[in-house]
Amino acid sequence: MTNRIAVAVETPQHTGVGVLDYLADQAWPPGTLLRVPLGRREVPGIVWHRGGDTELADDALRPAGPALEALPPLGEAWRRLVEFAAAYYQRGVGELALAVLPPELRKLDDVQLARRVAKLAKLAPPPAAEPPPRPEPSAEQQAALAALAEGTAPALLHGVTGSGKTEVYLRAAEQALDAGRQVLVLVPEINLTPQLEARFAARFPGRRLVSLHSALTPAQRLKNWLQAHLGTADLVLGTRLAVFASLPRLGLVVVDEEHDPSFKQQEGARYSARDLAVWRAHDAGVPVLLGSATPSLETWQRVQEGRYRRLALDARIGGGAMPRVRVFDMSRLPRQRGVDGPPLAPPVLDALKQRLERGEQSLLLLNRRGYAPVLHCGECGWKSGCPHCSAWRVFHKGDRTLRCHHCGFTERVPRACPDCGNQDIAPIGRGTEKLAEQLAELLPEARVARIDADSTRGAGALEQQLGAVHAGEVDVLVGTQMVAKGHDFRRITLVVAVNPDSALFASDFRAPERLFALLMQAAGRAGRDAEQAARSEMWIQTWNPQHALFDALKRHDYAAFAASQLDERRSAGLPPFSHLALLRAEAKSAEVATAFLDEAATLAEGVETIGLYPAVPPAVSRVADVERVQMLVESTSRPALQRFLAGWLPQLHALRPHHKGLIRWAVDVDPLAI
Ligand code: ADP
Ligand code: ZN
Ligand code: ZN
């Protein structure tokens with residue numbers, strides 16, 4: 001046992017860097033998976049490098065356990081990616097490395113794994129059918145592809161739905177595949193993978209394509225991951241976790257809908273798969289394509305600075321224009337008692353009726369599921385609060401429950417007010433369930449369907465409901481943002497944003513950016529061919545018709561919207577003009593959480609390169625009986641923020657034992673939701 005190896009193990013960062021020295025009877029190459037003793041347990045580890053890190057004498061080191069020899073070592077590029085991500089997002093190397101590998105890997109011994117690997121190696125490649133005829137690229141697509149071939153600076157492929165972005169991905173992929181390379185395609189949501197998978201599979205019949213996302217069974221995920229790692233898969237398509245796929249022949253990275261918040265992991269290592277994709281492509285010296293109609297302002301600013309290239313697809317394929325956007329001023333309606341007015345303003349309802357008469361489809365967007373966001377007693381003022389959260393419980397009429405959307409606490413809806421016994425408790429406000437119900441009453445002849453997280457719980461439910469829309473079995477589709485994304489509804493000529501206002505005044509500075517993206521995306525559902533475009537409209541029902549956001553939307557002018565937002569961000573010193581990290585603390589009481597953050601703040605006193613905001617509760621401060629408080633750290637320099645965090649976090653770990661009652665704390669680098 002004379003070989004010293006440094007092994008990444010799953011210890012959180014505060015117990016060291018997560019790389020420990022062991023002795024091995026063989027000189028395992030870096031990237032080898034093995035088992036090592038840690039305390040009294042045996043844990044999985046990855047040989048990170050040879051030679052060890054410490055000055056400890058050999059007899060102070062423990063011997064490493066058996067290695068998974070059947071698995072080719074994880075490559076250097078993969079280890080660099082993990083090392084960068086761990087450092088950047090302030091996690092342990094081993095913690096991150098083992099968290100992003102398929103969990104099944106740690107359950108198998110070498111013999112079992114050898115069997116799987118042998119089986120995969122024997123898999124025949126898909127039959128090399130004749131590739132289907134491909135459309136001739138348009139002039140814009142040709143220009144984009146030519147520019148892409150010219151360099152490896154990240155490229156923003158900027159075009160609305162239907163402008164031919166996917167076709168550019170396919171062509172770029174073809175070039176990489178022909179050069180013997182692998183292609184990684186990231187999409188924001190699992191729901192969107194089957195569609196894209198089908199298109200790639202159809203285009204490249206002789207190539208092996210695998211998907212990687214969290215809805216796979218552990219066995220499937222291992223199988224797909226192995227094919228990527230062994231190099232037998234040519235195309236890897238997946239959600240954010242796929243950015244960590246081991247790809248020995250990587251030649252192209254595509255991030256579709258790059259602005260989508262789902263690319264940011266919201267627990268553990270809170271990485272941005274989009275940002276890591278850019279880093280990874282740069283590190284590998286391969287091109288990265290970021291596709292969007294409404295790029296994130298971070299990406300857009302990099303285009304302005306000349307660091308990213310913008311490849312524009314300004315026209316829709318088939319000549320379809322974006323629908324005409326019309327804004328209805330809700331203050332023109334007579335004031336209703338309470339808030340329970342009709343769901344649609346008269347001209348909007350007329351527009352809907354026209355679609356019905358013509359046999360066209362309409363999409364009504366309402367970003368609030370359930371029947372009503374709160375129940376209320378007019379006698380005593382009781383409201384359906386959640387006993388465990390600082391939030392209302394939502395009334396779901398379908399199963400007559402009150403449900404908390406934060407902690408899941410669910411009860412049958414009471415027959416009478418729990419406080420005063422009043423029989424007449426009433427829903428306030430409107431969710432998708434109620435909207436669908438009201439529409440069915442208003443338009444008895446219309447076939448109304450609802451698609452949201454509630455209606456699509458069961459396996460295959462979403463596909464089935466989307467299928468009904470495609471088959472023309474639905475006239476009016478009511479849905480949350482779920483339906484605004486990606487789905488190609490050919491017969492929709494009317495999109496209505498029923499109540500988009502709350503996002504205009506949300507405390508999160510990114511709320512307008514998100515609303516604009518959502519509305520542009522929803523607008524993109526309509527008018528995808530020229531004949532239809534002439535009849536396509538989007539209606540916005542708002543109390544703030546003068547808002548600049550709607551003005552830009554009317555003109556489909558992303559650049560104007562982005563410029564005005566960037567101006568605001570610049571003068572407020574917000575991203576992308578500054579860099580943020582969010583320190584969150586959770587405790588049984590807000591005092592404990594705040595005390596921890598306050599002491600953390602004193603540790604940062606005197607650091608000139610960073611600024612600290614006061615500790616404040618987030619919009620929903622208590623969830624499942626846990627109080628949450630957060631504190632923003634800001635710097636104009638990313639490296640300065642990184643240096644500060646690297647020094648600060650170990651101090652915070654040391655601080656923790658002094659704060660009894662603190663349940664957990666975490667740092668979120670480049671937080672998306674604030
Ligand atoms: P996006 O990804 O921007 O929504 P797609 O690439 O899906 O756009 O293109 C929209 C539609 O136009 C698809 O049906 C696609 O097959 C078709 N298409 C794309 N490029 C061309 C082209 N150059 N010629 C003809 N049809 C095209
Ligand atoms: Zn009451
Ligand atoms: Zn709750």
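Biologist: Is Arg270 buried or exposed?
Modeller: Keep in mind that this is a predicted model. Arg270 counts as buried, at 13% relative accessibility. The cut-off for buried is under 20%.

Biologist: Which side chain does Arg270 meet in a salt bridge?
Modeller: That of Asp668, at 3.7 Å from N to O. Asp668 lies in strand β28, and Arg270 sits in the loop between β10 and α8, so the pair ties together parts 398 residues apart in sequence.

Biologist: And what about Asp668, buried or exposed?
Modeller: Buried, with a relative accessible area of 1%.

Biologist: How many salt bridges are there in the whole structure?
Modeller: A search finds 43. One of them joins Arg35 to Glu42, with the closest N and O atoms 3.3 Å apart. Arg35 is partly exposed, at 28%. Glu42 is partly exposed too, at 44%.

Biologist: Which residues are linked in a network of salt bridges?
Modeller: Arg326, Arg355, Arg358, Glu360, Arg535 and Glu537. Within it, the side chains of Glu360 and Arg358 meet at 3.1 Å, N to O. Glu360 counts as buried, at 8% relative accessibility. Arg358 counts as partly exposed, at 40%.

Biologist: Switching to the metal. What are the protein donors of the zinc ion, ligand 2?
Modeller: The SG atoms of Cys377, Cys380, Cys417 and Cys420. They lie 2.2 to 2.4 Å from the zinc ion.

Biologist: What is the geometry of that zinc site?
Modeller: Tetrahedral, with angles of 104 to 114° among the four donor atoms.

Biologist: How are the donor residues spaced in sequence?
Modeller: The pattern is C-x2-C-x36-C-x2-C. Cys377 is in strand β15, while Cys420 is in the loop between β18 and β19. That pair is 43 residues apart and links distant parts of the chain.

Biologist: Why does Cys377 count as buried?
Modeller: Because its relative accessibility is 0%, and buried means under 20%. Cys420 counts as partly exposed, at 40%.

Biologist: Last topic. Where does Ala468 lie?
Modeller: In helix α12, which covers residues 461-470. Ala468 is buried, with a relative accessible area of 18%.

Biologist: Which residues is Ala468 in contact with?
Modeller: Glu473 and Val474, leaving aside neighbours within four places in sequence.

Biologist: And what separates the C-alpha atoms of Ala468 and Ala449?
Modeller: A distance of 9.0 Å. The two residues are 19 apart along the chain.

Key. Residues are numbered from 1 along each chain as its sequence is written. Chains are lettered from A and ligands numbered from 1 in the order in which they are written. This is a predicted model: local features need pLDDT of at least 70, side-chain atom pairs count only at pLDDT 80 or more; totals for chains, interfaces and linings use all residues. Side-chain values use heavy atoms; hydrogens and water are left out. Helices (H or I, at least four residues) and strands (E, at least two) are DSSP runs, numbered from the N terminus. Buried means under 20% relative accessible area, exposed over 50%, partly exposed in between (1.4 Å probe, protein chains only). Contact means heavy atoms within 4.5 Å. Donors are N, O and S atoms within 2.8 Å of the metal (3.2 Å for Na, K and Ca); water is not among the atoms, so sites may look incomplete. Four donors count as tetrahedral if all angles lie between 85 and 135 degrees; four count as square planar and six as octahedral if opposite donors are over 155 degrees apart and all others between 65 and 115; anything else is irregular. A salt bridge is a side-chain nitrogen of Lys or Arg within 4 Å of a carboxyl oxygen of Asp or Glu.
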